[in-house]
Amino acid sequence: MRLVTYESDGHWRAGIIVDEDVVDSSIAAMAADIDFDSEWISNRELIQLSKKQLTRFENAAWEVARARDSDMVVFPIETARLGPPIPDPDKIICLGLNYKSHAEEAGLKPPEVPILFAKYRNALTGPTSPIVLPKTSQEIDYEAELAVVIGKRGKDIPVENALEHVAGYMAFHDVSARDLQFRAGQWLSGKSLDTFAPCGPSLVVNEINDPQNLNISTRLNGETLQNSNTKHMIFSVAETIAYISSLMTLEPGDIIATGTPEGVGFKRTPPIFLRDGDIVEVEVEKIGTLRNPVGHV
């Protein structure tokens, strides 16, 4: 099952992909006789449904798509403006240096515990939306990542049970302003600028059996600059969830970006940074591709 967020009348609405179409999730939920507090529902609410309810919801979406009573509730995905699948997370937690090869290219020792930093909701943007170049930085870098979305609340989660708390996965682009990031002693100022977290194209639910064997890549204007596999993570998805939950309670909808492999721009000779007019693509196997244009406001 693949959940999306799409724009309608200036607002984000939840949808589910059926073949090449998007079905409005509120309509599918009503068809499945699943009650929510309001007509508008979010993917944060949907991922908290039981497995039985989610199956009912998905089956109802297919029935709605087949009936196709209105283009307002069923429409081709190519006509949709997709947003971040989870536009309203409680937390966006990111890992630094979670691939040995990336730590080595940065000239740093692989960490003994996960290195954590935060992004915020203002950074989230859709899978085809522009990455806006800020006036404050001239060194905007790319970082392809696998993102995990939490589906079940948890604290002090054992590693062996960690994947039970996962709702799904999506591609994530940790755009980074290197000059801002390294000017200060911490990374926040270079990581959480507006539009610096494209994600999607959908939240993939109940389809990824092994998050530790997915190819991950970045292409800039068609040229492959990163090409690796999640099996090379230092800390696995399960280990990451267990560690973070030892520090704080994880809530449904929380996003965890699991780090980037080698090939980033600031360590190349000469360095490669994103420029006005570029097209940058981040692809994660079995999940999909982000394709974002780069430019000034």
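These are my notebook entries on one chain, looked up in a predicted model.

**Entry 1. The whole chain**

I began with the fold elements. The chain has seven helices and 19 strands. Its radius of gyration is 19 Å, and the globule rule gives 19 Å for 297 residues, so the chain is as compact as a globular protein of that length. I then took the extents of the C-alpha trace along the principal axes, which are about 55 × 45 × 30 Å.

Next came burial. Of the 297 residues, 55% are buried. The accessible surface comes to about 13,100 Å². Carbon and sulfur atoms hold 49% of that surface.

I also looked at how far contacts reach along the sequence. I took contacts between residues at least 6 apart, and 75% of these join residues at least 24 apart.

Last, the charges. I noted 28 positive and 43 negative ones. Their mean positions lie 4 Å apart.

**Entry 2. Aromatic pairs**

The structure holds three aromatic pairs. I wrote up two of them, starting with Tyr6 and Phe75. Tyr6 sits in strand E1 (residues 2–8) and Phe75 in strand E4 (residues 74–76). The two are 69 residues apart, so I logged this as a link between distant parts of the chain. Both Tyr6 and Phe75 are buried.

The other pair I wrote up is Phe182 with Phe266. The centres are 5.3 Å apart and the planes stand at 50 degrees, so this pair is tilted. Phe182 is in helix H5 (residues 178–183), while Phe266 is in the loop between strand E17 (255–257) and strand E18 (279–284). The pair therefore ties together parts that are 84 residues apart in sequence. Phe182 is partly exposed, at 44% relative accessibility. Phe266 is partly exposed too, at 22%.

**Entry 3. Helix H7**

Which residues of helix H7 (residues 237–247) are buried? I listed Val237, Ala238, Thr240, Ile241, Ala242, Ile244 and Ser245. I then asked what the buried residues of H7 pack against. The partners are strand E6 (92–96), strand E7 (115–119), strand E11 (144–150), strand E12 (166–173) and E17.

Gln138 is in the loop between strand E9 (131–132) and strand E10 (140–141). Is Gln138 buried or exposed? Its relative accessible area is 53%, so Gln138 is exposed. Beyond neighbours within four places in sequence, Gln138 touches Asp179, Phe273 and Arg275.

Thr125 belongs to strand E8 (residues 124–125). Its relative accessible area is 10%, so I logged Thr125 as buried. With neighbours within four places set aside, Thr125 is in contact with Pro84, Pro130, Thr195, Ala197, Pro198 and Cys199.

Ser228 is in strand E16 (residues 223–229). At 10% relative accessibility, Ser228 counts as buried. Outside four places in sequence, its contacts are Tyr99, Leu214, Asn215, Ile216, Pro261 and Glu262.

**Entry 4. Backbone exceptions**

Most residues other than glycine have a negative phi, and most peptide bonds are trans. I went through exceptions to both.

I started with cis bonds. The bond from Gly200 to Pro201 is cis, with omega near -5 degrees. Pro201 is in strand E14 (residues 197–204). The bond from Thr269 to Pro270 is also cis, with omega near -5 degrees. Pro270 lies in the loop between E17 and E18. Phe266 is in the loop between E17 and E18 as well.

Then positive phi. Asp19 has a phi of about 55 degrees, although it is not a glycine. Where is Asp19 found? I placed Asp19 in the loop between strand E2 (11–18) and strand E3 (21–24). Asp19 counts as exposed, at 57% relative accessibility.

Asn221 has a positive phi too, near 55 degrees. Asn221 is in the loop between strand E15 (215–220) and E16. At 48% relative accessibility, Asn221 falls in the partly exposed class.

Key: Residues numbered from 1 in each chain as written. Predicted model: local features only at pLDDT ≥ 70, side-chain atom pairs only at ≥ 80, totals over all residues. Heavy atoms only, no water. Helix = DSSP H or I, 4+ residues; strand = E, 2+ residues; numbered from the N terminus. Rg over C-alpha atoms; globule rule 2.2 N^0.38 Å. Buried < 20%, exposed > 50% of the residue type's maximum accessible area, 1.4 Å probe, protein only. Contact = heavy atoms within 4.5 Å. Areas by Shrake-Rupley, 256 points an atom, 1.4 Å probe, with all protein chains shown as cover. Lys, Arg positive; Asp, Glu negative; His and termini not counted. Charge placed at Lys NZ, Arg CZ, Asp CG, Glu CD. Phe/Tyr/Trp six-rings, centres within 6.5 Å; stacked < 30°, edge-to-face > 60°.
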